[in-house]
Structure formats: C-alpha cells, structure tokens
Amino acid sequence: MSSRRIPRIGIGGPVGSGKTMLIEQVVPLLSSKGYKVGIISNDVVSREDADRMRRNLATEKGLMAEDLVIGLATGGCPHTAVREDPSMNISVVEEMESKHEYLDLIIIESGGDNITTTFSPALADYFIYIIDVSGGDKYPRKRGLGIETCDLLVINKIDIAPAVGADLAVMDRDAKIVRGTKPYVFVNSKTGQGVNEVAENIVRNVLFEETPKALAKH
C-alpha cells in the first residue's frame, strides 16, 4: 500500500444528472495542470459509464492508462457501496494506491441515486453532489443529505432551464438558503460552462494547490 493516502473525491447524484460527463470535463482540466487522476465508477449491474470514460479519457484522449478507470458493479442499493459498506470501494482504492503511487487524485463516482446520497468519510475526503434543472427549480429547496451536506453542489444542465420552466434565479436563491456558506456552482457539462470553477475548487480544497507529483520530481 502507498505510504501516502491519495486524496479522494466522491461524486454523487441522481441518474442522468451528469456525473459521468462532469468527470469527463474535469479530468482534462486537471490533466492540463499536470495532475494524474484515477477513476472508480460504481453502478448497480453494468460498467457502462466506466467503459465510456475509459474510451473517452484513456483511449481517445490519452489522458490516463486504461487500467486507471475501474468499473464496479455493486449489485445492490447504489449508496450502500459508498456509505453504509464502502469496503468494496476501499479495497479498489487501496489497490490503486499501491499500484499507482504517482496519482494525485482518485475520483469515485456513485451509482445514480436520489437526494439522500452521501459518501462515507472513510472512503471520500471531499464530496461533490450534482443535480440538474430538469427536476424543476424546486430541487435545491427539497434539501436532502446530498444537497445539504456535500462540500460542493453542482447544478447542471442550465442550458435547458427555459425548456423545462426552471428559474435559475430561484435555484440560486434557494441554494444560498439551504447551503449557507457552502459553495455551489451552475454548470453546463455539455459545453464546459462552469466546469473550470469545479476544477478550481478541487485544486484549492482537495489538492491544496500542491505541485503535481510528476512535476515535483523535476
């Protein structure tokens, strides 16, 4: 096992909220700064999202080795594998730490679930929760553990707000009330709008702006 715990980010949110696409947008930004990232993607029965990220980030863009994108079929309730009993994920994380000590960050994607999703602190050091505007502008004020307790709330798909009748000003107002001093960001993962702010939060609050390991050696 690595002598140094590699920082871990948990990303959760409902099915279709844009977790995978957010990762596909954030990783290239981190990579451009020299940070090396590993990804663990949880799903109930398939490894579809992991296969997609492996193809887009490893095979096509060459940003990481293919074995740095691992898919876990949890076979049960999505949040159980990241909260109540994260042992399966912890085992994979520790194996990744042992084999790839040069990594700066490990991203753990939860299977799609409702607004109760959170990550065990034994698994993730930082928790990003993502919702999208298709659920309506009432979403932030519906609260839920994910929305209230995450370190960073991402409100995604802002481009379709007019089409679904969601008022971004209302979502902004309610997010302020529900989140207090905790940060949130409006994002369009399809175009990358707002994603740089997500990456900056990761660099500042998870990586603490440390020099990437690969660059620190030179």
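**Ground rules.** I am working from a predicted model, where local features need pLDDT of at least 70, side-chain atom pairs count only at pLDDT 80 or more, and totals for chains, interfaces and linings use all residues. Residues are numbered from 1 along each chain as its sequence is written, and side-chain values use heavy atoms, with hydrogens and water left out.

**Entry 1, the pocket.** I looked up how pockets and cavities are found: on a 1 Å grid over the protein atoms alone, a pocket is an open set of points with protein on both sides within 12 Å along at least five of seven lines, a cavity is a set where a 1.4 Å probe fits but cannot get out, and lining residues have an atom within 4 Å of a point. Grid points are joined across faces, edges and corners, and a volume is the space filled by probe spheres set on the points. The largest pocket comes to about 330 Å³. I get 22 lining residues for the largest pocket, with Gly16, Ser17, Gly18, Lys19 and Thr20 nearest its centre. At least two lining residues come from each of α1 (19-32), β2 (37-43) and α2 (48-60). Helices (H or I, at least four residues) and strands (E, at least two) are DSSP runs, numbered from the N terminus. By class, the pocket lining has three nonpolar, 11 polar and eight charged residues. Here Ala, Val, Leu, Ile, Met, Phe, Trp, Tyr, Cys and Pro count as nonpolar, Asp, Glu, Lys and Arg as charged, and the others, Gly among them, as polar.

I find one cavity of 30 Å³ or more. The largest cavity holds about 30 Å³ of space, and its lining is Val27, Ser31, Tyr35, Lys36, Val37, Leu63 and Met64. That lining splits into five nonpolar, one polar and one charged.

Ile107 sits in strand β4 (residues 105-109). Is Ile107 buried or exposed? It is buried, at 2% relative accessible area; the cut-offs are under 20% for buried, over 50% for exposed and partly exposed in between (1.4 Å probe, protein chains only). Leaving out residues up to four places away in sequence, Ile107 touches Ile9, Ile11, Ile23, Val27, Val37, Gly38, Ile39 and Ile40, where contact means heavy atoms within 4.5 Å.

My search of the whole structure turns up 10 salt bridges, each one a side-chain nitrogen of Lys or Arg within 4 Å of a carboxyl oxygen of Asp or Glu.

- Arg52 and Glu24 meet at 2.8 Å, N to O. Arg52 is in helix α2 and Glu24 in helix α1, so this pair ties together parts 28 residues apart in sequence. Arg52 is partly exposed at 26%, while Glu24 is buried at 11%.
- Asp172 pairs with Lys176, the closest N and O atoms being 2.9 Å apart. Both are in helix α7, four residues apart, which means about one helical turn between them.
- Arg173 and Asp174 meet at 3.0 Å, N to O. Salt bridges that share partners join Arg141, Arg173 and Asp174 into one network.

Arg179, in helix α7 (residues 168-179), is buried yet has no salt bridge. The nearest side chain of opposite charge is Asp151, 7.0 Å away; Lys and Arg count as positive and Asp and Glu as negative, with His and the chain ends not counted.
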